[in-house]
There are 4 protein chains.
Amino acid sequence: MSYKEIFSGMAEELKSMKNSGTVAAYIPKLCEVDPDKFGAHLLTIDNQHFCFGDSNEKFSIQSIAKVLSLAMAFELEEDKLWERVGVEPSGISFNSLLQLEAGKGIPRNPLVNAGALVISDILVSSLKNPKRELIEFIRKASGNAEIAYSPAIVESEKLTGFKNAALINLMKSYGNIKNDIDTVLDFYFNLCSIEMTCKELAETFLFLAADGINPLSGIRIVDSSKAKRINAIMQLCGFYDEAGEFAFKVGLPGKSGVGGGIIAIHPDVYSIAVWSPKLNSKGNSYRGMKILEYLTTRTKSSIF
Amino acid sequence: MSYKEIFSGMAEELKSMKNSGTVAAYIPKLCEVDPDKFGAHLLTIDNQHFCFGDSNEKFSIQSIAKVLSLAMAFELEEDKLWERVGVEPSGISFNSLLQLEAGKGIPRNPLVNAGALVISDILVSSLKNPKRELIEFIRKASGNAEIAYSPAIVESEKLTGFKNAALINLMKSYGNIKNDIDTVLDFYFNLCSIEMTCKELAETFLFLAADGINPLSGIRIVDSSKAKRINAIMQLCGFYDEAGEFAFKVGLPGKSGVGGGIIAIHPDVYSIAVWSPKLNSKGNSYRGMKILEYLTTRTKSSIF
Amino acid sequence: MSYKEIFSGMAEELKSMKNSGTVAAYIPKLCEVDPDKFGAHLLTIDNQHFCFGDSNEKFSIQSIAKVLSLAMAFELEEDKLWERVGVEPSGISFNSLLQLEAGKGIPRNPLVNAGALVISDILVSSLKNPKRELIEFIRKASGNAEIAYSPAIVESEKLTGFKNAALINLMKSYGNIKNDIDTVLDFYFNLCSIEMTCKELAETFLFLAADGINPLSGIRIVDSSKAKRINAIMQLCGFYDEAGEFAFKVGLPGKSGVGGGIIAIHPDVYSIAVWSPKLNSKGNSYRGMKILEYLTTRTKSSIF
Amino acid sequence: MSYKEIFSGMAEELKSMKNSGTVAAYIPKLCEVDPDKFGAHLLTIDNQHFCFGDSNEKFSIQSIAKVLSLAMAFELEEDKLWERVGVEPSGISFNSLLQLEAGKGIPRNPLVNAGALVISDILVSSLKNPKRELIEFIRKASGNAEIAYSPAIVESEKLTGFKNAALINLMKSYGNIKNDIDTVLDFYFNLCSIEMTCKELAETFLFLAADGINPLSGIRIVDSSKAKRINAIMQLCGFYDEAGEFAFKVGLPGKSGVGGGIIAIHPDVYSIAVWSPKLNSKGNSYRGMKILEYLTTRTKSSIF
């Protein structure tokens with residue numbers, strides 16, 4: 001089945017599917033979204049676009065942005081950063097302190113909250129103007145100067161971010177946070193506040209399907225070997241305690257966010273962004289997972 | 001760099017590498033092996049062979065065989081088997097009872113010991129003559145009628161298999177083992193006792209690089225979608241607590257055994273078997289991991 | 001309030017109390033008991049008896065017997081046994097393998113299942129005729145030649161003892177079980193099968209209220225310092241994950257069994273046995289706990 | 001042996017003992033103490049004093065003060081406080097977040113850090129002028145108007161209290177902290193900063209040996225039943241992961257602090273304070289534990 005046929009059949013496929021799950025409640029701002037929204041956008045490395053539904057509506061990409069901060073830190077710090085964060089799947093729920101304590105303050109990987117906080121700390125140390133330089137890096141990746149933080153989401157996260165405060169204080173007690181806690185948390189909450197449409201998300205991540213270069217602009221974002229390694233980390237760690245399920249059913253590296261977005265990468269072929277706000281019990285978009293399984297099954301586009 | 005150049009340069013590459021680690025001690029029979037053995041065999045789906053070192057010497061493939069029992073059970077039981085075993089990485093050491101207890105007797109995945117015991121139980125239930133039918137399935141996959149169990153290894157495992165007895169008794173207490181414990185353990189110890197050369201191992205697993213068909217014999221072993229899913233499980237769960245490291249550095253689905261063997265699959269391209277008995281602290285072949293990283297880096301043959 | 005008044009008021013007190021909880025289901029034989037049975041027997045060190053209800057009916061004392069095997073092993077082995085088992089509360093449910101694995105095969109204390117299995121292994125090693133010598137030791141403590149194992153309970157335990165088999169195999173894998181597993185399990189299941197009445201139970205344990213001597217017979221069972229230490233272990237470890245609750249509300253060292261029995265010791269004053277088959281969610285007799293709280297509150301006989 | 005003989009022989013006993021262990025390093029202020037200090041003071045309920053060594057020198061009582069905040073909150077809140085904190089031993093190291101997460105923000109008991117933070121939160125809610133009223137309660141218990149917080153210790157704790165910040169943020173995320181985090185931490189750090197001599201410590205805690213009344217002043221501090229229950233909690237939870245060891249060897253309820261102090265209570269008889277700064281691997285005073293074992297063994301004054 002061609003991508004075109006898949007996207008033509010998507011309305012039908014969605015009808016056959018219940019919109020199960022619940023919208024993320026822990027950040028008040030996220031609850032306000034219409035739970036029936038659904039968007040999808042596939043972008044090939046040779047610039048073909050396929051889209052469906054609310055694919056041009058902005059949503060909070062949340063944890064998906066952790067891949068972008070990782071890419072920036074990896075490019076800046078080379079391999080030194082792996083002394084402070086691992087590359088192994090966590091095996092348990094996404095903000096557990098258990099493994100962090102067992103690991104003496106070294107997070108399992110850069111895509112769990114603790115790991116993204118360490119990556120944030122690294123960027124705060126390395127950059128002169130951390131928030132501005134991060135958003136510029138993301139704009140460069142996306143080729144879109146409009147990408148921005150959402151101050152309203154930042155405020156909402158700050159009011160309820162006690163688990164993240166627990167994580168960062170615990171890592172600080174082990175010496176794995178170098179900067180002031182409030183500075184790092186502010187950077188991290190900004191990172192998680194970014195809003196994009198499905199189209200923008202697919203464009204921003206296309207460099208990971210193209211050996212580290214944004215093929216639309218021709219600009220290198222990370223080097224080729226690092227792009228592969230970031231994909232490997234997404235494959236193993238991108239879906240909290242459901243990474244195996246996603247690999248088994250979808251078969252692509254990807255990353256989800258509690259805003260209901262998912263980005264997935266078919267190396268050398270395409271990036272795809274989907275958005276549906278209701279989350280399953282593991283915190284991943286219920287319909288997003290389903291529609292990606294439908295797509296890769298019909299197009300046989302798994303990497304395996 | 002071509003495969004030919006890689007294999008030509010392998011002797012040089014090995015010289016630059018310490019033979020670190022320790023030979024598996026917990027099965028007395030495994031200790032008797034020469035720790036300096038090293039073999040590698042790459043086989044493309046169009047039947048090109050590249051080999052090096054002790055690639056024609058038999059060794060105990062141990063846990064690598066768990067992929068084969070999974071393939072057989074998956075083909076027999078379709079999706080029902082996933083009610084009794086998960087597809088998520090374990091995140092901790094390979095025989096831990098902790099997660100099994102937390103999971104109420106459902107193992108995290110079919111490649112940890114507990115999961116392979118459940119798969120063994122399923123095969124003991126489904127097959128008339130379980131041990132004979134399993135070895136015949138493996139001979140069919142490999143196209144080699146000589147593949148056999150090693151009675152000496154079976155005996156050695158039985159004398160020291162107390163952790164496996166703990167695992168299976170715990171799962172029995174949760175109702176997730178249906179047959180007599182000693183029957184299932186006997187089947188499992190036979191499964192783990194199989195000996196192959198690197199060449200035989202690469203031949204046996206080539207169907208996973210070729211959509212479920214052994215391309216040399218043309219015989220279908222599992223259907224196409226199942227081959228992809230088995231590869232996905234290997235990618236996420238094939239290296240105990242080092243699955244992320246293997247994905248990050250090597251970038252191929254694979255499975256290791258405590259005998260020092262590793263199989264890795266490049267879908268649509270090749271299978272490769274390496275063997276070096278000394279294990280790193282995570283229980284995976286020290287030089288095997290290194291040489292595969294060297295190979296995929298130089299040939300840029302990661303799936304990511 | 002005097003003991004006499006307490007026992008006179010017990011019927012009234014029981015009426016005001018629901019008989020909540022559930023009879024232990026995991027051993028089929030235990031399910032057959034009438035859930036409304038209730039017995040209590042208090043015996044002072046100067047041989048005053050106070051009894052109530054079904055105090056002369058036999059019931060399965062189950063884990064309460066672990067204190068007796070501990071007493072025998074402690075007397076035989078002096079302090080060497082503490083190299084193989086700890087004295088700390090477990091903090092979690094009574095048959096968890098988690099802590100055992102974390103402790104590298106050393107159980108937290110001699111009153112959890114794993115610890116009692118190690119004590120059983122020690123007695124199997126030390127005694128010529130382990131089962132006979134154990135029951136003789138218990139008869140000596142009780143001053144009652146009729147105390148006996150229950151073969152029916154032993155058989156029932158053997159059919160369902162998979163968790164205990166898991167525990168002992170795990171400890172064997174760490175080298176902390178010296179004898180054949182089936183021999184130790186047989187000894188352990190016999191230990192747990194003993195039946196007593198409340199009166200017999202209070203008589204058997206009176207030596208722990210009297211510095212190690214059975215004051216009725218004048219026979220020393222353990223030395224004075226050991227009696228104190230066994231009481232200390234009961235205080236901290238006698239009620240699984242409810243040891244704190246029992247200390248807080250009752251304030252005496254004691255031990256419960258899944259048969260619904262509880263023994264408690266007031267050093268220098270009395271022993272008391274109660275029996276009510278329904279267990280609370282932590283596996284301790286629901287009404288047994290309540291009535292002991294009533295007794296020690298009214299008599300102000302806590303040790304604290 | 002009489003108390004007088006014990007204290008006369010103490011110098012000799014100390015000579016036979018290595019001063020093993022290490023002074024607490026995590027609070028800079030605590031490191032400055034002379035590691036060879038040793039003091040002991042026993043005070044009977046009929047006002048006999050026995051002392052030894054540096055028993056009139058102030059030291060930081062640290063976590064010992066948690067018993068006093070518990071006593072105040074228990075007296076104020078009756079049983080409602082047990083909805084927010086348990087009474088079970090923790091079974092693991094004293095500031096672990098693991099059990100707190102498993103317990104959904106309910107600490108195991110009021111003497112671990114997390115539990116003392118909840119007690120602090122309760123007092124901050126209940127009292128008009130929390131810090132002043134707490135110190136007045138402690139002065140009332142001790143009969144000594146000079147007892148005071150140490151601002152230098154408070155400052156030192158604040159600079160390094162990242163684990164406590166992690167704990168309190170985690171509990172706040174579960175809704176088990178009602179007040180502003182910084183206010184509660186400030187109260188908690190003040191609580192832990194109190195300095196006393198061994199003599200003052202024994203005087204302050206004597207009410208727990210006398211049914212809740214300070215027998216020297218005749219003032220009731222807590223009611224009788226609560227005094228017993230506080231002793232029970234100390235017995236089970238007063239020594240982190242060494243509560244069993246302390247019960248087994250010393251046999252009295254007690255509480256240790258990382259400043260090297262220990263208080264122990266013999267109900268109806270005496271209180272005793274010892275101080276020796278070097279801590280064993282479990283965080284309890286090395287020589288303090290030894291000397292108390294010596295004392296209760298020789299005087300046979302265990303409660304068991």
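Copies of a chain are superposed by least squares on the C-alpha atoms of residues with pLDDT of at least 70 in both. In this predicted model, chain A can be laid on chain D in that way with an RMSD of 0.0 Å, by a turn of 179° and a shift of 0.0 Å along the axis. The two copies are thus related as by a two-fold rotation axis. Among the residues of chain A, A:Ala166 comes closest to this rotation axis, its C-alpha lying at 1.9 Å. Both copies use the same surface, for 100% of the contact residues of chain A recur in chain D.

The meeting of the two chains may now be examined. Here 12 residues of chain A are in contact with 12 residues of chain D. On the side of chain A that touches chain D, helix H3 (98-102) and helix H7 (162-173) each supply at least two residues. H7(A) gives the most to this side, with eight residues.

The fold of chain A itself comes next. Its secondary structure comes to 12 helices and 11 strands. The radius of gyration of chain A is 18 Å, close to the 19 Å that the globule rule gives for 304 residues, so chain A is as compact as a globular protein of that length. Along the principal axes, the C-alpha atoms of chain A fill a box of roughly 55 × 40 × 35 Å. Buried residues make up 61% of the 304 residues in chain A. Of the contacts in chain A between residues at least 6 apart in sequence, 67% join residues at least 24 apart.

Conventions: Residues are numbered from 1 along each chain as its sequence is written. Chains are lettered from A and ligands numbered from 1 in the order in which they are written. This is a predicted model: local features need pLDDT of at least 70, side-chain atom pairs count only at pLDDT 80 or more; totals for chains, interfaces and linings use all residues. Two residues are in contact if their C-beta atoms, placed from the backbone, lie within 7 Å. Helices (H or I, at least four residues) and strands (E, at least two) are DSSP runs, numbered from the N terminus. The radius of gyration is taken over C-alpha atoms; the globule rule is 2.2 Å times the number of residues to the power 0.38. A residue is buried if 20 or more other C-beta atoms lie within 10 Å of its own, exposed if 12 or fewer, and partly exposed in between; C-beta atoms are placed from the backbone.
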